[in-house]
Protein chains: 2
Amino acid sequence: MITGQHLGIGSTKPIFPDDGLLHLYSMRFCPYAHRVHLVLDAKNIPHHTININLREKPDWFVNNVSTTGKVPVLELPTESGTPTLVESLIICDYLDEKYPQRPLYSRDPLRRAQDRILIQRFSQFIDDIYKLLLPNSPTELGTTDLYAGLDIYEKELNLRETAYFGGEAPGMLDYMIWPWCERFPALKYELGFEIVLDPKRFGNLLRWRDLMLDDTPVKKSYLDGETHAKYMRSRRAGETEYDML
Amino acid sequence: MITGQHLGIGSTKPIFPDDGLLHLYSMRFCPYAHRVHLVLDAKNIPHHTININLREKPDWFVNNVSTTGKVPVLELPTESGTPTLVESLIICDYLDEKYPQRPLYSRDPLRRAQDRILIQRFSQFIDDIYKLLLPNSPTELGTTDLYAGLDIYEKELNLRETAYFGGEAPGMLDYMIWPWCERFPALKYELGFEIVLDPKRFGNLLRWRDLMLDDTPVKKSYLDGETHAKYMRSRRAGETEYDML
């Protein structure tokens, strides 16, 4: 079951088939929810998706589903009390631990810790880049090296000598940073600024991006830059078009 | 080896005995580093502690040890390339996975995810309370329920029907939130505001606090409220007294 439409105020909580499948509360353009879709699809875990209108949240969602009011939320209908999990990284860790098929984290605790650090540092890079790109940024574009935060990822692929951070196939680090990489081309339409990776400096990352674009779970939820930009524009205008697709 | 004194600018990196023990870069009053000390002590993992002056950081620390410039940092001398780990939660997860003695996380992925969510929500509670208590807070004290963020922890102990969140002994959730609980009494000295838990509302949490104060790893690094407050005052005055003890 996928509610194509985003459920908002006045909606009623969907009645799920009694099939024991996971319930994922999502929003079609949310990069955090995107992470969970990638992990569910990489592991082929069947599930129901319910899209939520985050601007006009349903009462039943705020009061009975999401302790934080945010998506993603994973609801576990077969566990006692039908508990819900929040926070994309915690949900993805749970799925990797609970569903052993195609492990996304290394079995080595050190590699796992190193991947977690790189996931966290990528969030810092994204925060920094968005701050710089905002119209009222205190820093002039051009006075700072926007791409400096990507150097460690380029170096890391080089050190690991593998196509993906996860090895010969995408792993947790690949999937956790992908949602923002997929959205980079949107900046061209939305902010008039294009993220262009210099092939001399970012050869490994460019090859990685092309391989990721060809990955089956990535293709399943992929949207092009223009579509992401259209959503961002509608949100900025205060008229978020959740159901534009 | 413990460097009692906090090493600052002009210091040289300590030469460690060739004993294979972990190196923890810490700061005596840092609640994040405190988390790692609690886990190392709970698991009886021998290690060297090096205290860092965070206001005047040594060059060798910034350039060769900490990728973020922050503590805690765990250096692994027996691993190839002597890698370092940052971020308190990632370090503590690593220690729990690598050193199986006295597991601090549940073996159940769902309980583990629920504990991780409660650790993250506690950080949000701390952020909220500090914002409220700052001298320039936009919200008047008394107009909001400061303690509301603690209700879920009281309820959780009640639901689990155990003395600690971890069961019959402290687990990861207990140790990850303890450093801030230990510092609550400092607010009385530092901000003139006392956090007083109503025994009717927070009976379980009060019993938990007393039990934690009697826990051996907690006692090992314990400092009283007045001492924490003295450090906070010195930091606020711009003359951080790292070596006051």
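**Briefing on the predicted model**

Between chain A and chain B there are six residue pairs in polar contact, both residues being at pLDDT 80 or more; a polar contact is a pair of N or O atoms within 3.5 Å, where within protein one must be able to donate a hydrogen and the other to accept it, and residues adjacent in sequence count only if both atoms are side-chain atoms. This is a predicted model, in which local features need pLDDT of at least 70 and side-chain atom pairs count only at pLDDT 80 or more, while totals for chains, interfaces and linings use all residues. Residues are numbered from 1 along each chain as its sequence is written, chains are lettered from A and ligands numbered from 1 in the order in which they are written, and side-chain values use heavy atoms, with hydrogens and water left out.

**The interface of chain A and chain B**

- Contact, meaning heavy atoms within 4.5 Å, joins 21 residues of chain A to 21 residues of chain B.
- The two chains bury about 2,000 Å² between them, 67% of it on carbon and sulfur atoms, where buried area is the accessible area (1.4 Å probe) that two parts lose on being put together, summed over both.
- On the side of chain A, the residues that lose the most area to chain B are A:I90, A:L110 and A:I117, together 27% of what that side buries.

**Salt bridges across the interface**

- The rule finds six salt bridges across the interface of chain A and chain B, each a side-chain nitrogen of Lys or Arg within 4 Å of a carboxyl oxygen of Asp or Glu.
- A salt bridge joins the side chains of A:E97 and B:R112, at 2.8 Å from N to O.

**Helix packing in chain B**

- Helices here are DSSP runs (H or I, at least four residues), numbered from the N terminus, and their axes are lines fitted to C-alpha atoms over the stretch in contact, with angles from 0 to 180 degrees between N-to-C directions.
- Helix α5 (residues 151-160) and helix α8 (residues 203-213) of chain B pack at an angle of about 80°, with their axes 8 Å apart, and α5(B) is therefore roughly perpendicular to α8(B), a term for angles of 65 to 115 degrees.
- In this pairing, B:Y153, B:E154, B:L157 and B:N158 of α5(B) meet B:G203, B:N204, B:L205 and B:W208 of α8(B).
- The axes of helix α6 (residues 172-183) of chain B and α8(B) come within 12 Å and cross at roughly 95°, so these two helices are also roughly perpendicular to each other.

Definitions and conventions: Angles under 35 degrees count as roughly parallel, over 145 as roughly antiparallel, 65 to 115 as roughly perpendicular and the rest as oblique.
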